[in-house]
Amino acid sequence: MRRFAPALLLLLAVVARADGGYVRIPAGEYKSVIRYEDGNGKRQVPAFAMMKRPVTNGEFLAFVRRHPEWRRDRVPSIFAERGHYLAHWSAPLQPGATALPQQAVTEVSWFAATAFCEAQNARLPTWAEWEYTSAADATRRDARADPQWREAILGWYARPANAPMSPVGKSPANVYGVQDLHGLIWEWTQDYAAMLVSGDNRTQSDPDLAKFCGAGALSMDDRENYAVLMRVAMLSSLEAVNSTSSLGFRCARDLP
Amino acid sequence: MKRHATVSLLAAVVLLAGCQAKAPLPETKIPADTGGSAAGDFGPPQGEPIHAVLTSPPLVPPATHRHTPAKVIVELEVREVEKEISEGVKYTFWTFGGTVPGSFIRVRQGDTVEFHLKNHPDSKMPHNIDLHAVTGPGGGAASSFTAPGHASQFTFKALNAGLFVYHCATAPVGMHVANGMYGLILVEPPQGLPDVDREYYVMQGDFYTVGKYREKGAQPFDMQKAIDENPTYVLFNGSEGSLLGDKALQAKVGETVRLYVGNGGPNLTSSFHVIGEIFDKVWTEGGTHFQENVQTTLVPAGGSAIVEFHTEIPGTGVIVDHSLFRAFNKGALGMIKIEGPENKAVYSGKEVDSVYLGDKAVSAAPVAAAATANAAGALTLEQQVQAGGALFNGTCSVCHQPTGTGIPNVFPPLAKSDFLAADTHRALGIVLNGFSGPVTVNGNNFNSVMPPMSQLNDDEVANILTFVLNSWGNKGGRVSAADVARVRASTPRPQGAAH
């Protein structure tokens, strides 16, 4: 038995990777583009784990097979929009040529994304966790002030959404080892519905407090950072049942 | 016209019968103060709802010819599309209705407009719409924020008459507008606008690409240039050439032409002008009263003007932003071709626009063919000569003349030029870096200035020189883009020279 121990460890490691491939994100402090009512503009992010890559069609298919209540033909319409949810798959259990196994899954509602993560004892990342992790580039934890970092993100916005999507894991990993945070898809966050940013860009210096229930109102603190602003705008346009052809997700976990 | 006559006749009958005419009649004199929005509510909509006719630029929907308020349903679809911003240059536009500017909307003051904004499933971005014709928060923006693959609906009453801009107001609003998200909505005054022979839709916008003007390939949006208000292109109707050649606006002698002019911005104010015409009427800023006999009218970013002129003679009117480097170096050029009999009493007959047109007057097709062939490594001498000829006619012929003769004592000849024959490499340097001072060509002395033409790319310079070497009795020869690149690299010049 003893001589098999290393092999067993190796096997465990493989299982861990197959389990969505999480990486540890160390705790830290950063400045959000969103102005929160509390705090001095700095956000504390405790250490957590995040999936290295977005969830793929292949992974989501496995989930739907195990949880047939999330098939597109069986999902209750209060959890996902019929006609949108997984609508680009050729059949309920067959992604087909337009949704290859290694491409990020899109057209998933917030409810479906949450269910996927719960099924692997995880959750969606919070906006703070996502923004904190996505601020990095290959060498720095916070590359947001670098014009090139912004240009690269804006470059993705300039490409039409109907072009074929590249498989996940093709972009360089950031300093934490996480890939595809930019340049591939939009991603759901756990608390996206609390991002009550006005749909009208120009009112953000004077948020409609009554409309947004007082303390819930947010506004932009870093208006120059268009690249991130656009992601906030995208998320705030959505309801939890919605899905779009360029919106996917990845999961996160608390550390023990 | 027949329909208009019927309406007038009916109105006359009503008056004869001694009834109170409820709606103002056509041709009613406009009061000095129409009362604005406070007087703009003509009561609840009457009759069945009407689906608005939307048109793509440069077309304008027909007049409503209505005298009662109606419920008008407008369905506008947002699409993110890749199109040519200039020959061989691709850009991803965000559009209302698939075009830049977006579809033209036409309603009548007092109408209740039920607005449906649809965001195509292939869109990457959420979008909304702010119509300047709306009295309400954000001009509808707050009520129309729409994720890809979804639709929103809101309703407003058009209380003010005028020509209004609409645009997207989603963060970052400047970028959405810079990508083409604007258009016009005309709210006709209750008596309508006078009938004219032709109506067209022209809208200016400024565009910011990472590559320089006419640099080929897919060009992404450049945020820094937009912040600096330093556009790469200033265009009418969303692409260079949208109103040129086969797509020029058309009119006949003796007609009244009305242009609905908008300016989407996001940054520049337009000095709107038609070379060779005088605007008989300008409804400045798209408002209620017109000014007469105007040469150039300002159209602010996010604003409009209605201009009208009567045509007397045939010819080509050139539509420009009279901030001229925008017109001739950034693309803000359009044409209106007027056909019909000459009238020598009004004008002697020589066209007004032969110099102004520059390289826009000739077909750019050979240029694009040569660029494609060069990229594929299959460029022939003939293609180079054809492309070079097209470019020469635009850039060089103004001074050196279309047949290379030059002008005695002012501009040296290129035809049978001993100076050119002696050193092709030197000629290449002169095109790129300019030349000034005394020079002897074919035994004649010249002392003049040629500005550097470094705005031409390597392909273009190579093709022009190859054309010249193979024309007008010159000895032949060929210059490649690589030759040009070498000379360009070896002669440093200030960034942006001759731009």
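Guide: Here we look at one residue and then at an interface, in a predicted model.

Visitor: Where is B:Glu277 found?

Guide: You will see B:Glu277 in the loop that links β15 (270–275) to β16 (279–283) in chain B.

Visitor: What makes B:Glu277 a residue with no salt bridge?

Guide: A salt bridge needs a side-chain nitrogen of Lys or Arg within 4 Å of a carboxyl oxygen of Asp or Glu. For B:Glu277, the nearest side chain of opposite charge is B:Arg198, 12 Å away, so no salt bridge is assigned.

Visitor: Which residues is B:Glu277 in contact with, leaving aside its neighbours within four places in sequence?

Guide: They are B:Phe309, B:His310, B:Thr311 and B:Ile338. Each is called a contact because heavy atoms lie within 4.5 Å.

Visitor: How many residues are in contact between chain B and chain A?

Guide: On chain B there are 32, and they touch 29 residues of chain A. About 2600 Å² is buried between the two chains, with carbon and sulfur atoms giving 63% of that area.

Visitor: What does the rule find across the interface of chain B and chain A in polar contact?

Guide: Six residue pairs are in polar contact, both residues at pLDDT 80 or more, while the count of salt bridges is zero.

Visitor: Which element gives the most to the side of chain B that touches chain A?

Guide: That is α2(B), with three residues. By class, this side of chain B has 17 nonpolar, 10 polar and five charged residues.

Definitions and conventions
Residues are numbered from 1 along each chain as its sequence is written. Chains are lettered from A and ligands numbered from 1 in the order in which they are written. This is a predicted model: local features need pLDDT of at least 70, side-chain atom pairs count only at pLDDT 80 or more; totals for chains, interfaces and linings use all residues. Side-chain values use heavy atoms; hydrogens and water are left out. Helices (H or I, at least four residues) and strands (E, at least two) are DSSP runs, numbered from the N terminus. Buried means under 20% relative accessible area, exposed over 50%, partly exposed in between (1.4 Å probe, protein chains only). Lys and Arg count as positive and Asp and Glu as negative; His and the chain ends are not counted. Buried area is the accessible area (1.4 Å probe) that two parts lose on being put together, summed over both. A polar contact is a pair of N or O atoms within 3.5 Å; within protein, one must be able to donate a hydrogen and the other to accept it, and residues adjacent in sequence count only if both atoms are side-chain atoms. Ala, Val, Leu, Ile, Met, Phe, Trp, Tyr, Cys and Pro count as nonpolar, Asp, Glu, Lys and Arg as charged, and the others, Gly among them, as polar.
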